[in-house]
Amino acid sequence: TTRERVLTVARRLGYRPSVAGRALVTGKTGVIGMVMERAFQTRTEWGLRIQAGLSEALEASDRHLMVFHAEPTERRLPSMVLGRAVDGIVIVLSGTPAFLEELRQRGTPVVVVDPAAPVACDRVRADEVDGARQATRHLLELGHRKIAYVGIHAHVVEHVSRQRWS
């Protein structure tokens, strides 16, 4: 009965548990960091869709997303990552960042999205070759015979264009 009275008063007063307090007790922040290349953030809908989808999935499990911007050549981790303000990192860069090894050494869970080269950690990749094959097959099945491929030759997506063309 005491528990119920406390919960009733907490609801009436609009009490919300302290994220910082919970992190002190559990060692978990409930925040996942996303290191995104500035070019993906500002020039592509692809990057925004990844960010929105990840944020939505995390919120469904009562977690939150913190976005950092970096370049593939950066060697330093964002300060919030160094301060353990996140429980894990999702990396969305066109190259493998120099700080990936430091994350591994710290024991930080890492997922790399669509890496341009093989990386020694969990990763999520689109199958560009099979996707292009399926799209071409679909057009052929519809009777189209003059099919063109229009790709982008920008450094941030060049590896994707090469895979789709092959």
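Which residues of the largest nonpolar core touch the most other members? Of its 17 residues, they are V35, V81, I89, I91, F99, L103 and V110. A nonpolar core here is a set of buried Ala, Val, Leu, Ile, Met, Phe, Trp, Tyr and Cys residues joined through side-chain atoms within 4.5 Å. Buried means under 20% relative accessible area, exposed over 50%, and partly exposed in between, with a 1.4 Å probe and protein chains only. The elements that give two or more residues to this core are β1 (31-37), β2 (64-70), β3, α6 and β4.

The model is predicted: local features need pLDDT of at least 70, side-chain atom pairs count only at pLDDT 80 or more, and totals for chains, interfaces and linings use all residues. Residues are numbered from 1 along each chain as its sequence is written, and side-chain values use heavy atoms, with hydrogens and water left out.

The protein has eight helices and five strands. Helices (H or I, at least four residues) and strands (E, at least two) are DSSP runs, numbered from the N terminus. Read from the N terminus, the order of elements is α-α-β-α-α-β-α-β-α-β-β-α-α. Of the 166 residues in the protein, 31% are buried. Among contacts (heavy atoms within 4.5 Å) between residues at least 6 apart in sequence, 52% join residues at least 24 apart.

The five strands form an open sheet in the order β2-β1-β3-β4-β5, with parallel pairing. Two strands count as paired if DSSP finds at least two bridges between them. Because β2 and β5 stand at the edges with a single partner strand each, one side of each is left without a neighbour in the sheet. From one strand to the next the twist averages 25°; axes are lines fitted to C-alpha atoms, for helices over the stretch in contact, and angles run from 0 to 180 degrees between N-to-C directions.

The pairings can be followed across the sheet. Strands β1 and β2 run parallel and are joined by seven bridges, with I32 having L65 in β2 as its bridge partner. Helix α4 (residues 45-60) packs on the sheet and touches β1, β2, β3 and β4. The direction of α4 makes about 150° with that of β2.

Strand β3 (residues 88-92) is joined by three bridges to the parallel strand β4 (residues 110-113), and I91 stands opposite V112 in β4. Between β3 and β4 the chain passes through helix α6 (residues 100-106), and this β-α-β crossover is right-handed. That term applies if, with the strands pointing away from the viewer, the path from the first strand over the helix to the second runs clockwise. Three bridges also join β4 to strand β5 (residues 122-124), again in parallel, and V113 has V124 in β5 as its bridge partner.

Back to the cores. In soluble globular proteins, nonpolar side chains tend to be buried together. V110, one of the core residues that touch the most other members, is in contact with I89, I91, L100, L103, C121 and D122, leaving aside its neighbours within four places in sequence. Apart from this core lies another, of nine residues, including I32, M36, I50 and L54.

The loop between α6 and β4 holds T108. T108 counts as buried because its relative accessibility is 13%. With neighbours within four places in sequence left aside, T108 is in contact with R84, G88, I89 and L103.

Side chains of opposite charge can pair when their charged atoms come close. A salt bridge is taken as a side-chain nitrogen of Lys or Arg within 4 Å of a carboxyl oxygen of Asp or Glu, and by this rule there are three. One joins E4 and R3, at 4.0 Å from N to O. E4 is partly exposed at 45% relative accessibility, whereas R3 is exposed at 61%.

Another salt bridge links E102 and R106, whose closest N and O atoms are 3.4 Å apart. These two are four residues apart in helix α6, so about one helical turn separates them. Both are partly exposed, E102 with a relative accessible area of 30% and R106 with 27%.

D130 and R133 also form a salt bridge, with closest N and O atoms 3.5 Å apart. In helix α7 (residues 128-141) they are three residues apart, so the separation is about one helical turn. D130 is partly exposed, with a relative accessible area of 25%, and R133 is partly exposed at 43%.
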